[in-house]
Amino acid sequence: MTGERLTDADELLFRQVHPSWVREGRITRQAFQPTSKDELKLSVARSSVTDAKGAYEHHTLQLGLASMGSWAVSVGECRLQSLVVLEDPLTSPPHAFPDPAHAVVDFAGLSRGQRELKGAILVRAAEARGRLYPEDDDASR
Amino acid sequence: MTRKQFATLIFQGDRFRAAMPVEVLPELAAYQELVVSVAKGMYARRNPQRKRLPNGFVDSFRLTLERVEEGSAIPVVLRETTPATYALVAKLGLDYFEEARQVVESSIRAAVSDLETLPVDMSPEVLAKFNAFGKTLKDDDAIVVAPPESREGARYTKAIRRKLVLRVQESIEEPVTIVGSVISVGREPTYLFEIRQLASYVKVEIRSSKPFFEQAVRALTEETLVSVSGTGLFDRRGELTKMTDVSDMSLAEEFVARPGCALPIDQQVASFEHLAPGWYNPKSPGFDPVDLKWTARLFKAVVQAFDLPNPYVYPTPDGGVRAEWTADQWEVAVTIDAKNRRTEVFATEVSTGEVHENAFMLDEAGSESMMGRFLAQHFHGRHAA
């Protein structure tokens, strides 16, 4: 259940990126924007609870979803964009697997253009940090 | 026969830094033709009682290209002279061709300085000959027309050529490439077809040879976008009024790679065929190959028509296709919903937070060009970094 705001500006928020969303090492600017089905909340995993590898393995091995790896932005980078980050641990049931690290970046109330802008800025920050897991630098097609 | 330097033509521009590209060689022939025309006109004006040129007048003037100076684009233009040449000059009491060279140079200088008056020997008929000289010049090119063994002369550019020719003509010929759809063809009285340009949505009539005409017929039948290069006729406002010949024509699918993503658009878009329904979330649909092909063709045509870098192309979770560009502080994206023929365009400037957005229905006339113009503004226009 969505809970408290995250306040540690240095805390990293891991985001899994689908393989079709990385082209020649460049991540689509959609990657850090919520889709319509997400109710304008972007799912991330907290570095205070898990790490880049744990977030990747939860996504791929437990949930069985495709990922090119874990990229991250910080709570502080979200705050600079006036985006609130809320803890949102998932329990099982109702979810198939528990995910205590789950959190959301809230894009509610923003126009489509503003979501594009803030999503692009977050992707730039994540690209600058580089892929955190797997650590090799071969994120190509 | 002896040879002596007649003029120095210095080709300036990026493409001339190391050597002289062969496509500009016709400029030397056009220059010779221009000098001959001035000399003939000068003789006629100064000898009104004479109905004809003296025997051997034109033949006495022949320019040759001895060499191009190493590491530059300065052709050494020599004039061949024979005893007959000297005899003619002695008989006429004047070297008309030497005078003509100076008239050409002075006329260019006058146009550069925006002078109303040109040299008296530059008649309207002769001015029209500038149409052929400088035809291959691109926007940033110039030819410095200087006396022999000098590097100081009159700077002849595309704009100066236009000024001179449009003093006596309503239109001017310039090389042009357009991209668009063939909308009509006709074999009589000559091979003609019409293209509606993607960039401006303006129709242009094109006269062509039979092979290019046949290609146009195919493009009309198959509704394929084409890129056509050749000679365009531009009016005084700089508007393309028609194309008088075609030198190259290619289908949109044959466009070459550009800056940006190294992968061709076709290849990027085709990769989405392998994404099964549910690829991103349970509601994500798969991709229809026909829609993907249509989308790729649209992206390629817009990229070509508006001279954009090759985009990075990604699938969207709701079955659309999204092309993205990063241009310094700008992030530019287009999302195409092929099923509903709808497109959304976004440009966001990450340093200032400025956002531009728009949406178009792609089955409405001119929508593709509006989309292209929106994109081009962020690369070439007022929003470009």
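Tutor: Helices are taken here as DSSP runs of H or I, at least four residues long, and are numbered from the N terminus. The model before us is predicted. In chain B, helix α8 covers residues 289-305, and Asp307(B), with a positive phi near 55°, follows α8(B).

Student: How far does α8 of chain B reach from its first C-alpha to its last?

Tutor: Its 17 residues span 24 Å, close to the 24 Å expected at 1.5 Å a residue.

Student: Which residue caps the N-terminal end of α8(B)?

Tutor: The cap is Asp288(B), with a side-chain oxygen 2.9 Å from the backbone nitrogen of Val290(B).

Student: Why is α8(B) described as largely enclosed by the rest of the structure?

Tutor: A residue is buried when its relative accessible area is under 20%. Twelve of the 17 residues of α8(B) are buried, so the helix is largely enclosed. Among them are Trp294(B), Phe299(B) and Lys300(B).

Student: How is the packing of two helices described?

Tutor: One gives the angle between their axes and the distance between the axes. For α3 (residues 96-112) and α5 (residues 158-165) of chain B, the axes come within 9 Å and cross at roughly 100°. The helices α3(B) and α5(B) are therefore roughly perpendicular. Ser107(B), Ile108(B), Ala111(B) and Val112(B) of α3(B) make the contact with Ile160(B), Lys163(B) and Leu164(B) of α5(B). By class, the contact residues are five nonpolar, one polar and one charged.

Conventions:
Residues are numbered from 1 along each chain as its sequence is written. Chains are lettered from A and ligands numbered from 1 in the order in which they are written. This is a predicted model: local features need pLDDT of at least 70, side-chain atom pairs count only at pLDDT 80 or more; totals for chains, interfaces and linings use all residues. Side-chain values use heavy atoms; hydrogens and water are left out. Helices (H or I, at least four residues) and strands (E, at least two) are DSSP runs, numbered from the N terminus. The expected span of a helix is 1.5 Å times one less than its number of residues. Buried means under 20% relative accessible area, exposed over 50%, partly exposed in between (1.4 Å probe, protein chains only). A polar contact is a pair of N or O atoms within 3.5 Å; within protein, one must be able to donate a hydrogen and the other to accept it, and residues adjacent in sequence count only if both atoms are side-chain atoms. Axes are lines fitted to C-alpha atoms, for helices over the stretch in contact, and angles run from 0 to 180 degrees between N-to-C directions. Angles under 35 degrees count as roughly parallel, over 145 as roughly antiparallel, 65 to 115 as roughly perpendicular and the rest as oblique. Contact means heavy atoms within 4.5 Å. Ala, Val, Leu, Ile, Met, Phe, Trp, Tyr, Cys and Pro count as nonpolar, Asp, Glu, Lys and Arg as charged, and the others, Gly among them, as polar.
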